[in-house]
Amino acid sequence: MVHSEGMIEDRGRSGDIMAERRQLFAEMRAQELDSIRLSTYRTACKLRFVQKKCNLHLVDIWNVIEAFRENGLNTMDLNTEFTVARLEAILSTIFYQLNKRMPTTHQINVEQSISLLLNFLLAAYDPEGLGKMSVFVVKMALATICGGKILDKLRYIFSQISDPGGIMVYSQFDQFLREVLKLPMTVFEGPSFGYTEQSTRTCFAQQKKVSLNTFLDTMMSDPPPQCLVWLPLMHRLANVENVFHPVECSYCHSESIMGFRYRCQQCHNYQLCQDCFWRGHASGSHSNQHQMKEYTSWKSPAKKLSNALSKSLSCASSREPLHPMFPDMPEKPLNLAHIVPPRPLNSTNDFMLSHSMPTSGNPYSTKNLLESSSHQEEEHSLIARYASRLASDAAAAQQQQRVPNDISFSLDANKQQRQLIAELESKNREILQEIQRLRVQHEQASQPPTCTSQQNPTLLAELRLLRQRKDELEQRMSALQESRRELMVQLEQLMLLLKEEERKQATYGDS
């Protein structure tokens with residue numbers, strides 16, 4: 001009897017999954033994206049729809065990496081398989097952390113986002129319903145369809161398919177293509193972008209060593225590899241969704257164009273909005289066979305003229321590189337697991353501390369605000385000390401090259417750097433604790449005071465004061481997050497300098 005009840009429960013859950021999956025694809029079909037005549041635009045639009053429907057466009061690759069670390073995926077072998085329940089826990093981490101970062105007025109429906117994304121991933125990578133998925137599959141799928149910058153996403157993907165020497169492993173890249181091309185297949189674009197045995201060879205020659213820079217050059221080139229041409233287009237779609245062009249469409253005569261704008265290279269001043277171009281609309285002497293140029297921004301004629309003059313007068317090439325150049329032998333990535341806690345500190349002591357504010361009068365006393373200000377001043381003074389020590393250490397390093405026998409001074413400088421790293425780590429933990437405390441205050445400020453009469457002037461004044469403090473807290477949290485990012489950059493530079501000092505000491509020791 002128990003066994004049959006379990007089977008019934010499993011069938012019920014499976015039925016719910018299939019119903020939600022059909023609902024997602026039904027909503028996608030309602031957008032009439034299949035009427036887009038070009039498969040590249042059609043695929044990018046469909047995946048962008050799924051991304052926004054699941055609220056993944058609000059999550060960048062760094063948020064995804066943090067969720068992987070919190071769930072232990074960074075220490076697991078890429079071929080390890082785990083259950084759907086483990087995948088659901090990873091998605092829960094992503095979206096619950098997203099809601100913590102979002103303002104209270106822009107909260108998402110976490111359960112719905114988890115359910116939709118889980119159903120989409122199961123449709124793509126577990127169509128047989130086996131209930132298993134590998135670490136590599138989850139990492140590549142989420143890294144591909146999350147939001148953020150394409151450069152950051154490609155760098156993370158390369159880190160998962162390369163060897164310790166920074167050279168791409170062809171079998172791993174082939175596996176990456178095999179898995180990531182299941183995303184277009186899931187939105188019914190398999191005939192155009194399904195995986196084939198030739199996919200890897202069309203991207204890279206087998207005998208060529210592919211470093212990170214070569215990988216980025218190929219993936220971010222114009223045009224990119226044919227099998228992945230939809231990936232950069234999906235990012236361009238996100239960048240132009242709110243771009244306004246004060247131009248009339250020559251077919252539908254809309255007085256303004258949003259998104260992409262297309263200009264015919266043969267017909268004089270013939271321009272189309274993205275919907276008309278995607279669906280093959282044409283009028284007058286214009287034909288779909290004419291070459292069209294895609295525009296992602298609007299420039300006035302005067303600005304075009306000034307840009308043309310500046311280019312003609314400039315001696316240097318104005319073409320910007322596709323991406324920054326990275327070292328051929330990559331540095332070992334920093335293990336941030338020992339620097340940044342997996343999630344903001346929320347121990348019982350911290351919770352009691354954040355709730356120990358006075359309940360009568362103004363809960364945001366001058367003392368608390370002064371303490372917050374002093375935290376920031378201490379942080380900036382610490383970074384200033386770090387910068388001055390860097391300068392003195394650099395001078396010491398130059399002196400050390402002239403006098404190699406002075407090893408003891410180098411060891412002292414090395415010890416000071418390690419002490420400074422420990423101080424920076426401690427300050428980073430204090431910043432995270434301060435952010436958590438401000439979040440609690442923010443939530444308290446968001447709760448309106450309970451009152452029986454809205455006409456009470458004292459309570460209305462208190463409500464206005466609470467709203468004002470709420471805005472101040474939001475600004476403070478934003479400033480703290482920015483300071484934390486700057487601190488991590490400074491810390492990474494210090495770690496690189498420390499590695500360089502250790503390498504020089506090893507060189508002197510060998511000589």
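Q: So is Asn-269 buried, partly exposed or exposed?
A: Asn-269 counts as partly exposed, because its relative accessibility is 43%. Buried means under 20% relative accessible area, exposed over 50%, and partly exposed in between, with a 1.4 Å probe and protein chains only.

Q: Before I go on, what kind of model is this?
A: It's a predicted model, where local features need pLDDT of at least 70 and side-chain atom pairs count only at pLDDT 80 or more, while totals for chains, interfaces and linings use all residues. Residues are numbered from 1 along each chain as its sequence is written, and side-chain values use heavy atoms, leaving out hydrogens and water.

Q: OK, back to Asn-269: where does it lie?
A: In the loop between strand S5 (261-264) and strand S6 (271-273). Strands here are DSSP runs of E, at least two residues, and helices are runs of H or I, at least four, numbered from the N terminus.

Q: What about phi at His-253?
A: Positive, about 60°, and His-253 is not a glycine. That residue is in the loop between strand S3 (244-245) and strand S4 (257-258).

Q: Switching to peptide bonds: is Asp-222 to Pro-223 cis or trans?
A: Cis, with omega near 5°. Pro-223 is in the loop between helix H12 (212-219) and helix H13 (230-240).

Q: And how many helices and strands does the chain have?
A: 19 helices and seven strands. Of its 511 residues, 43% count as buried.
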